[in-house]
Amino acid sequence: MSASAPTRWPTITKDAASLRVIPNLRDYDETRRAFSWDEERRTLSGLPGGHLNIAHEAVDRHAAGDRRSHHALRFIRPDGTTHAMTYSDLAETTDRFASVLRDLDVRHGDRVFSLLGRTPALYSAALGTMKNGSVFCPLFAAFGPEPVGQRLRLGSGTVLVTTRALYRKKVAPQRDVLPDLRHVLLVDADGAPEAGTLDLWELMARAPAYGPIAATSPEDMALLHFTSGTTGRPKGAVHVHEAVTAHSATGRYALDLHRDDVYWCTADPGWVTGTSYGIIAPLVHGVTAVVDEDELQADRWYRILAEQRVTVWYTAPTALRMLMKAGTEGIRRHDLSALRFIASVGEPLNPEVVVWGKEAFGLPIHDNWWQTETGGIMIANYPAMDVRPGSMGRPLPGIEAAIVARDAEGAPVVRDERAQLVEDAHTVGELALRPGWPSMFRGYLGEEDRYRRCFAGGWYLTGDLARRDEDGYFWFVGRADDVIKSAGHLIGPFEVESSLMEHGAVAEVGVIGVPDEVAGEVVKAFVELKPGFEASDDLKRELIGFARKRLGAAVAPRELEFTASVPKTRSGKILRRLLKARELGLPEGDTSTLEAAR
Ligand code: ATP
Ligand code: MG
């Protein structure tokens, strides 16, 4: 692996003066040493008889206590007006939703899907479904009919909560091939009947505003989440109620949630971040969570941060890069003085962006790493810990992470049933986690073999390549599928992308390997320019030269192409496999999660 670690970025040090509140994790080693999942579980209230239900931890116990009048969720409508729900309101609507399911004979373990924008109905459905002991599966509202049908079939959806327009366009035409789908509940029926559907609000108005919460066991399935489909066909990851123990711990340590926080997670619940950290973790901590019903617009976002007095903000690299592209001027027009912590997930966070955060907001961006399968944050940068720009940080308390050696074919090396770990700092291998944390997925729905293949020699293998430095910080190298082999070098696309991102003309970049007779593969970059820059041969030469100076000729792109937009998943991940398929004229594969071209 090329040795050019992005160490030229100086460490961003933390001191007491830079921290606005006393962090929950003050001493990393001491917190890890003292931590146990059993202790963490005791911070939750649980249900009689050893039962556990996510919705009880997130809503009812607060509504029954001193948080009843505290804002649980604050929605910002597209026109900028707001609508707040207190913990007590949320307890009531989720009880009603659960009652509706009970009346419809929707049972424990049945799957309730949503196809909705980020409106109150989505949040009531998510938590109400869990209150009924059923399994919630949120779908991204912008999915086309095919991905919707595919996921409903794979997950045997019994109920779908959606809008009239989405139903007509995406579900009604295929209803006859969805035999398990017994009920479609419309959130905007307004009394006018639609064949094959029910009016959710009418049913809710008639349902009792209280009811028993299902006595779910910790191992009962609570959520079904589809992966982003970055590397291929999306997988349905199964999560259980016990996961809430991890949402609680990670909300405390990685997001540093304190009771008075106003917290904003920008992810849509159609992706796991929008559920684990857009719904469950903030509510478990009894804080106020902001939900923007609209899409990313730089000025709108700054206005929300300012007007809502957001203190903790959890977003994604793609959003941050878009904000960076829009310039910092917009930030100056707003009072963002309440903001004290910014975190990011979903993709590698370029060091350039971490440092930009410090300039633009006075706060570095704290990268963290996890996947749909892990259910919660596994590796993070913490408020009290220095940030090494480009690093994902260090494992959460209760999480054991390691680098597993790979053989020449890229398979994990296992001897005597034990995975061989890479002990040397900076040597690349596969990022692995010791199984047993509460939010670990319990299976890929309908794909038992694929699930089993994720484990080897006592470890869960993540499919991502990484390395660890001498101080235990982890550095992302690339997805195993994306790594480029060129003239004996193993090159992570992220390293090349980050280097090009440092050039003032570059807004976004995706890097792949293209076949080459001599080198095996050579590096090719697809570059999207910032406004005001024109594509030209001169600029192309300049960018290649720029990367070469930083990375050396062996790692820098040999080829570079300008593109109007880099293809991404709807959750904002660069689809390198699509760049590659297009480059090589191969079939595009599963594009169900592809974002429409901007
Ligand atoms: P699929 O598994 O269907 O190909 P996906 O892996 O993109 O899609 P997710 O579970 O949404 O689906 O994403 C998790 C992946 O995102 C991680 O395995 C990793 O590759 C990437 N990722 C998440 N956070 C980070 C991060 N902080 N740095 C680098 N990569 C990250
Ligand atoms: Mg994945």
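**Close-up views of a predicted model**

**View 1. Salt bridge between Arg107 and Asp105.** The side chains of Arg107 and Asp105 meet in a salt bridge at 3.0 Å, N to O, the term denoting a side-chain nitrogen of Lys or Arg within 4 Å of a carboxyl oxygen of Asp or Glu. Asp105 is partly exposed, with a relative accessible area of 39%, where buried means under 20%, exposed over 50% and partly exposed in between (1.4 Å probe, protein chains only). This is a predicted model, in which local features need pLDDT of at least 70, side-chain atom pairs count only at pLDDT 80 or more, and totals for chains, interfaces and linings use all residues. Residues are numbered from 1 along each chain as its sequence is written, chains are lettered from A and ligands numbered from 1 in the order in which they are written, and side-chain values use heavy atoms, with hydrogens and water left out.

**View 2. Salt bridge between Arg394 and Asp29.** These two side chains, of Arg394 and Asp29, meet at 3.9 Å, N to O. Arg394 lies in strand β16 (residues 391-395) and Asp29 in helix α1 (residues 28-34), so the pair ties together parts that are 365 residues apart in sequence; helices (H or I, at least four residues) and strands (E, at least two) are DSSP runs, numbered from the N terminus. Arg394 is buried, with a relative accessible area of 17%, whereas Asp29 is exposed, at 52%.

**View 3. Hairpin of β26 and β27.** Strands β26 (residues 506-516) and β27 (residues 520-529) pair in the antiparallel sense over 10 bridges, pairing requiring that DSSP finds at least two bridges between the strands. Three residues lie between them in the hairpin, and Val514 has Val522 in β27 as its bridge partner.
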